[in-house]
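Please read the following note beside the sequence and the model. The points go from the whole chain to single residues.

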Amino acid sequence: MIRDNLKRLLAPRHLAFVGGRSMARALKRCADGGYLGQMWLVNPQHDNLEGVPCVRSIAELPCGPDAVFIATNRELTLTCVAELAAKGAGGAICYASGFAETGAEGQALQQQLLNAAGHMALLGPNCYGLLDYLHSAALWPVAHGGKAVEKGVAVLTQSGNFAYNLSMSDRSLPVAYMASVGNQAQLGIAELMDVLLDEPRVTAIGLHLEGLKNVPGFARAAHKALEKGIPIIALKTGVSQIGAELALSHTSSLSGSDALYDSLFARLGVIRVSGPVSFVETLKAAACGKLPSGNSLIALACSGGDAGLIADYAERNELSLPKLDEGQREELAQVLPSYANLVNPLDFTTAIWGDGEALNRMLDSALRTEADAAMLVLDYPSEYTGERKECDLLLELYCAALVRHGKTGFVTSAFPELLPAHARERLHAQGVAALQGVEDGLAAWGRIAGYQRNRQALLALGESALAPHCPQALVGEGRLLNEWDSKTALRAFGLPTPNGVLSTPDKALADANTLGYPLVLKAVSAQLPHKTEAGAVALNLKDEAALSAALKKMRASIAAYAPQVPFDQVLLEPMATAPLAELIVGIKRENDFGLALVIGTGGILVELLKDSRSLLLPTTDGAIRNAVLNLRSAALLQGFRGRERADLEALVAAIRAVADYACENAAQLLELDVNPLLVGAHGTTAVDALIRLGHE
């Protein structure tokens, strides 16, 4: 019922505004913007405000409105929501603050608000509202800069000010919906995405996020978007390492929550951008709904300088520029001057500027190509020059040629401000993206082309493979397993470990004679998670004398470092041969998010280099292999400077064992480290491990 009511909120037949003069002005803005449904202003103290007649109470409304904006204090908001729910309203937007964002008292009030809403759709509280440009319904407390559209993008943001500023931006982004989600007491990003994806006029979804409250729901909605071919573009802010105060493992220092969002977005095909400009331009590249089938371009410019920029930025964004064929070059030579360089990107020069027949011949020759899309660089001069008509002519001829040749295309300017609003609007009306700035424009197109390239591969994996594993949250610090118990647990899942012996200081010499030298000596205690700092590791002990001395030194070192820790168990292992590389493999858990497999450069360099990749679980062998090969240290595994090549199959199998253990024990696993994992030409060995378990 909430979902059905959310659909009413997003396609309202009637609106109500509860509040004072600002709500009267909001109602009048809807009327001025073209909203055709019935509207009411509810105010118990006035007969009319700003010329708008008032209804004295919610009870006096003739029906339950589909959409309501409540702009009262938080106490009255509670009353209004309860009355609207009883009246059968579709959805309400709660503008008031002072709820969960303020602490425990506000959290209790927010729960009361949620209870009062019942099955009514509730957006907020503490949110700026909803701009619906498909129906000209602006449930919004102040002025806004958008206008009615036939189709466009939906933008969901956790910042009302971001939404306000985006509506005012001079970028001609066609916005179908813009919602400020506030505290997300009931409706969050995932729930809104799911319903918006049922609206065929929504061509892309933009997310401005600090974080997600419902990762499984988001994953389901993102997979639905993949199936429909609707790109999701995310601007994620806030880089942190949640729970770092509890982290004992190196894995947690490598992979903060932001790395987990990167992993989530990658597995779901979500395009992540770095700032507001890339956010808007990438949305514009997708807004017309005509996405490129691949990453190749035929590029046109009237300047060698612009052509050079295209070549540089295309390569940077993995966009290919296929060569012109002989027939194209012959045709172009007949219409362009002899000094024109007949290559892609094509500098068609200004010799044919303003000549409609010559421009058409040039366009027909250039667009007769197998390239997936076309682009044109076009910078308008200032209006006072009187020279814009030539630009308008080229723009119209280019759009017509795209239709004639069945091509997807876009226009961009070298300088962002030199593609004026009238040109952008004309392009968007013909389904051609108007991008501002050749650097940002090619980056945006490259992201969309990459999305198209990845989409089918992701869909082939299936929804169950893409959905991240999100076990219930664990509280407390849990208990740490010692190295022997950690290795034993992982060995059962197939992780190769040294053939060691669990011993005591008194029996160590006898056990060493059975094991053989050279060997490694380690103290075994769950109270010593970082043994090196405690002096609890001795390497390359070649005989009894060396072992005896090491035992004595280790006892003294541990007594000085952690006098409460008994020195009563030791681990003896054969000394490993020098590896090709050392990696760290671990598991990071973030409550309300999921489990991540972290793979990085290990050993003593782990925190210095911070060279790692994160994969949410469950994962695949292919994803593990790609993560390994995308490390900066991957060259060490691939025959760097004539060295042997690593046994990648064995390495992937070892990492898979860690992932399998984590999935099997997800309900109680807090964190896990295998560091270092020694990678050789003929196998892989885990020489240290740490596991921390919580309580289910």
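Predicted model: local features only at pLDDT ≥ 70, side-chain atom pairs only at ≥ 80, totals over all residues.

1. Contacts along the chain. Among contacts between residues at least 6 apart in sequence, 71% join residues at least 24 apart.

2. Overall make-up. The chain has 696 residues, of which 55% count as buried. It contains 24 helices and 30 strands. Taken along the principal axes, the C-alpha atoms fill a box of roughly 95 × 80 × 40 Å.

3. A sheet of seven strands. One part of the chain deserves a careful look: seven strands form an open sheet with mixed pairing, in the order E9-E8-E11-E10-E12-E13-E14. Strand E9 (137-139) and strand E14 (271-273) stand at the edges; each has a single partner strand, so one side of each is left without a neighbour in the sheet. On average, and with direction ignored, neighbouring strands of this sheet are turned by 15° against each other.

4. How two of these strands are joined. Asp132 has Ala137, in E9, as its bridge partner.

5. A helix on the sheet. Helix H5 (residues 160-168) packs on the sheet, where it touches E8, strand E10 (152-157), strand E11 (175-180), strand E12 (202-209) and strand E13 (232-236). The direction of H5 makes about 155° with that of E11.

6. The largest pocket. What is the volume of the largest pocket? The value is about 1100 Å³. The pocket is lined by 37 residues, and those closest to its centre are Asp262, Phe265, Ala266, Arg267 and Asn454. The elements that give two or more residues to the lining are helix H9 (257-268), E14, helix H16 (438-461), helix H17 (463-466), strand E27 (612-616) and helix H23 (621-629). Of these, H16 gives the most, with ten residues.

7. Cysteines without disulfides. The structure holds zero disulfides. Cys288 counts as buried, because its relative accessibility is 12%. For Cys470, the closest cysteine sulfur is that of Cys663, 12 Å away, again too far for a bond. Cys470 counts as partly exposed, because its relative accessibility is 26%.

8. Two cis peptide bonds. Leu617 and Pro618 are joined by a cis peptide bond, with omega at about 0°. Another cis peptide bond joins Asn675 and Pro676, with omega at about 5°. Pro676 lies in strand E28 (residues 669-680).

9. Glu50 has a phi near 55°, a positive value in a residue other than glycine. Glu50 is found in the loop between strand E3 (48-49) and strand E4 (52-55), and at 31% relative accessibility Glu50 counts as partly exposed. Gln184 also has a positive phi near 55°. Gln184 lies in the loop between E11 and helix H6 (189-196). Is Gln184 buried or exposed? Gln184 is buried, because its relative accessible area is 7%, and the cut-off for buried is under 20%.

10. Gly354 and its surroundings. Gly354 lies in the loop between strand E16 (346-347) and helix H13 (356-367). Gly354 counts as partly exposed, because its relative accessibility is 36%. Which residues does Gly354 contact, leaving aside its neighbours within four places in sequence? They are Leu359, Glu390 and Leu393. Gly354 and Glu387 are 33 residues apart in sequence, while their C-alpha atoms are 9.9 Å apart in space.

How values were computed:
Residues numbered from 1 in each chain as written. Heavy atoms only, no water. Helix = DSSP H or I, 4+ residues; strand = E, 2+ residues; numbered from the N terminus. Buried < 20%, exposed > 50% of the residue type's maximum accessible area, 1.4 Å probe, protein only. Contact = heavy atoms within 4.5 Å. Disulfide = S-S within 2.5 Å. Pairing = 2+ DSSP bridges. Axes fitted to C-alpha atoms, helices over the stretch in contact; angles between N-to-C directions. 1 Å grid on protein atoms, 1.4 Å probe; cavity = no way out; pocket = protein on both sides within 12 Å on 5 of 7 lines; lining within 4 Å. Points joined across faces, edges and corners; volume = space filled by probe spheres on them.
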